[in-house]
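Please keep the sequence and the structure in view while reading.

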Amino acid sequence: PVPVEARAVPTPLGPARVNVCGPADGPPLVLLHGMGFSSTMWGPNVAAWAGTHRVYAPDVPGQPGLSAADPRPRSAADLLRWLAA
């Protein structure tokens, strides 16, 4: 429901797809989707947040979505490493 910029961000697990929207000078808000979903799950809510925040909604690797995962995350530690990057 709002204009979205799709970015490919390099990470230790391969490029992560991050959907970005909202004012460039807004405070950052990172949305992490649940397992078995993709960043599109935030569609019904993102317009409200993007009015005041710069919203970053990545597709978590190894889950549905457009993030590549090589190697595929095998543990919580792998995902934490990905988040830290």
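The sections below go through the fold, the strands, the cores and a few residues of this predicted model.

## Overall layout

The chain contains two helices and four strands. Followed along the sequence, these elements come in the order β-β-β-α-β-α.

Of the 85 residues, 34% count as buried. The chain exposes about 5000 Å², and carbon and sulfur atoms supply 62% of that area. Among contacts with a separation of 6 or more, 62% are between residues 24 or more positions apart.

## Strand β4 and its partners

Strand β4 covers residues 54–58, and four of its five residues are buried, so the strand is largely enclosed by the rest of the structure. Strand β2 pairs with β4 in the antiparallel sense, over four bridges. In this pairing, asparagine 19 has alanine 57 of β4 as its bridge partner.

Strand β3, residues 28–30, runs parallel to β4 and is joined to it by three bridges. Here valine 30 stands opposite tyrosine 56 of β4. Together with helix α1 (residues 43–50), β3 and β4 form a right-handed β-α-β unit.

## The nonpolar cores

Which residues make up the largest nonpolar core? They are Cys21, Leu31, Trp42, Val46, Ala50, Val55 and Ala57, seven residues in all. Helix α1 and strand β4 each supply at least two residues of this core. A second, separate core has five residues, including Leu13, Ala16, Val60 and Trp82.

Alanine 57 belongs to the largest core. Not counting residues up to four places away in sequence, alanine 57 touches Arg17, Val18, Asn19, Leu31, Ser39 and Trp42. Among these contacts is Asn19, the bridge partner of alanine 57.

## Cysteine 21

Cysteine 21 lies in strand β2 and is one of the residues of the largest core. Is cysteine 21 buried or exposed? Its relative accessibility is 4%, and buried means under 20%, so cysteine 21 counts as buried.

Leaving aside neighbours within four places in sequence, cysteine 21 is in contact with Val2, Pro3, Val4, Val46, Ala50, His53, Arg54 and Val55. One of these residues, alanine 50, is 29 residues away along the chain, yet the C-alpha atoms of cysteine 21 and alanine 50 are separated by 6.1 Å.

## The aromatic pair

The count of aromatic pairs comes to one. The rings of tryptophan 42 and tryptophan 49 have centres 5.8 Å apart and planes at 65°; since planes over 60 degrees apart count as edge-to-face, the pair is of that kind.

The two residues can also be described by their accessibility. Tryptophan 42 has a relative accessibility of 18% and counts as buried, whereas tryptophan 49, with a relative accessible area of 29%, is partly exposed.

## Threonine 11

Threonine 11 is found in the loop between β1 (5–9) and β2 (16–21). Its relative accessible area is 17%, which is under the 20% limit, so threonine 11 is buried.

Apart from neighbours within four places in sequence, threonine 11 is in contact with Ala16 and Trp82. Ala16 and Trp82 are both included in the second core.

Methods:
Residues numbered from 1 in each chain as written. Predicted model: local features only at pLDDT ≥ 70, side-chain atom pairs only at ≥ 80, totals over all residues. Heavy atoms only, no water. Buried < 20%, exposed > 50% of the residue type's maximum accessible area, 1.4 Å probe, protein only. Contact = heavy atoms within 4.5 Å. Phe/Tyr/Trp six-rings, centres within 6.5 Å; stacked < 30°, edge-to-face > 60°. Pairing = 2+ DSSP bridges. Right-handed = clockwise from strand over helix to strand, strands pointing away. Areas by Shrake-Rupley, 256 points an atom, 1.4 Å probe, with all protein chains shown as cover. Core = buried A, V, L, I, M, F, W, Y, C linked by side-chain atoms within 4.5 Å.
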